[in-house]
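Here is a protein chain to look around in. Take a moment with the sequence and the fold, and then we'll walk through them together.

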Amino acid sequence: MPRTGAGNALWRKLTALTMFRIKSGGGSTTTTAAVVKGDAVVNLTAATGFLDNDPMFINGSGGLELNQVDGAPVVAMPLEYTASLAQATGATVVEAEELIIGKIAQGQTAIQMSRSLQAIFDDIGDTPLAYIESPIDLGLRLGLLEFTGKNFSLALGFADAEVGSGTAAIPYQTVIGEAGAALSGLTVFRAAGIRHDAQIVQVDFLDAKFEASGDVPLGKQDASIIPVTLKFTKMIIREWV
């Protein structure tokens, strides 16, 4: 999307924040040809287990991408979005599922970015000869308002292992710190928002990993916020005009 200089492409509000993980028992296959950036179709070994509109992960030499089936599932699988990442033949394609993560604390959601510069000096001059860029560090911070075992598991990067039915005899139970607890596996977060020019923006935070940090106050106050900090490898930004 071109820069217009009109000043109307300002962020207005977050409209949704969801999480995607591998769907247990869902479709799973591999690509039979390389995926080229911009492809509208991905060629697969099989399409068994996939349905129209199913979200899916494409994971290979180019990294992890979240996409979606756009039409009848066939071995020449149509994509909802053209491919953002190039992949070599043999990339894994697995069905994903969207998980609602509940209410998000106001003013807590933010993309974190850092990239430092290292100055190169010689023994004579007083100014740098050059600067070398460090690798990019990307993160996402948010706060969960609902005080539940599932949210504590999420913040610590564990797979959901809640048991029970919520009754007096069989309450919902989540164990934190259990030996051998399963980690969350492949995870993508997706944020959707709207700008002041009424354009929709969607951001995918790819291959997210959880980095637990922060306190959860238990004293008398309006609400306890469970802090979630993520690190991710890539970010895909989509804008609709």
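Which residues does asparagine 59 touch, not counting residues up to four places away in sequence? They are Leu64, Gln87, Ala91, Thr92 and Leu186, where contact means heavy atoms within 4.5 Å.

Before going further, a word on what you're looking at. This is a predicted model, in which local features need pLDDT of at least 70 and side-chain atom pairs count only at pLDDT 80 or more, while totals for chains, interfaces and linings use all residues. Residues are numbered from 1 along each chain as its sequence is written, and side-chain values use heavy atoms, with hydrogens and water left out.

**Back to asparagine 59**

Asparagine 59 sits in strand E4 (residues 55-60). Helices (H or I, at least four residues) and strands (E, at least two) are DSSP runs, numbered from the N terminus. Asparagine 59 has a relative accessible area of 28%, so it counts as partly exposed; buried means under 20%, exposed over 50%, and partly exposed in between, with a 1.4 Å probe and protein chains only.

**The chain as a whole**

The protein chain holds one helix and 16 strands. Its C-alpha atoms fill a box of roughly 75 × 55 × 40 Å, taken along the principal axes. Of its 241 residues, 34% count as buried. If you take the contacts with a separation of 6 or more, 66% of them come from residues 24 or more positions apart.

**An open sheet around E11**

Now find the four strands that form an open sheet in the order E8-E11-E15-E14, with antiparallel pairing. Two strands pair if DSSP finds at least two bridges between them. E8 and strand E14 (209-210) stand at the edges with a single partner strand each, so one side of each has no neighbour in the sheet.

Strand E11 (residues 137-144) has six of its eight residues buried, so the rest of the structure largely encloses it. On one hand, it pairs with strand E8 (residues 110-114), and there alanine 110 stands opposite arginine 141. On the other, it is joined to strand E15 (residues 226-231), where glycine 139 has lysine 231 as its bridge partner. E15 is also bridged to E14, with phenylalanine 210 opposite leucine 230.

**E12 and its partners**

E12 is mostly covered, with eight of its nine residues buried. E12 pairs with E1, and in that pairing leucine 17 faces alanine 191. E12 pairs with E13 as well, and the bridge partner of alanine 192 there is glutamine 202.

Here are the strand pairs side by side:

| Strand pair | Sense | Bridges |
|---|---|---|
| E8 and E11 | antiparallel | five bridges |
| E11 and E15 | antiparallel | six bridges |
| E14 and E15 | antiparallel | two bridges |
| E1 and E12 | antiparallel | nine bridges |
| E12 and E13 | antiparallel | six bridges |

E12 and E13 form a hairpin with four residues between them. Alanine 198 lies in that loop, and its phi is near 70 degrees, a positive value in a residue other than glycine. At 52% relative accessibility, alanine 198 counts as exposed. Further along, aspartate 207 lies in the loop between E13 and E14, and its phi is also positive, about 50 degrees, although it is not a glycine.

**The nonpolar cores**

Which residues touch the most other members of the largest nonpolar core? Of its 20 residues, they are Ile101, Leu142, Phe189 and Leu230. A nonpolar core is a set of buried Ala, Val, Leu, Ile, Met, Phe, Trp, Tyr and Cys residues joined through side-chain atoms within 4.5 Å. The elements giving two or more residues to this core are strand E1 (11-22), E11, helix H1 (149-155), strand E12 (187-195), strand E13 (200-206) and E15. E11 gives the most, with four residues.

Isoleucine 101 is worth a click: leaving aside neighbours within four places in sequence, it is in contact with Leu17, Met19, Leu142, Leu144, Asn151, Leu154 and Phe189. There is also a second, separate core of 13 residues, which includes Leu44, Ile58, Ala91 and Val93.
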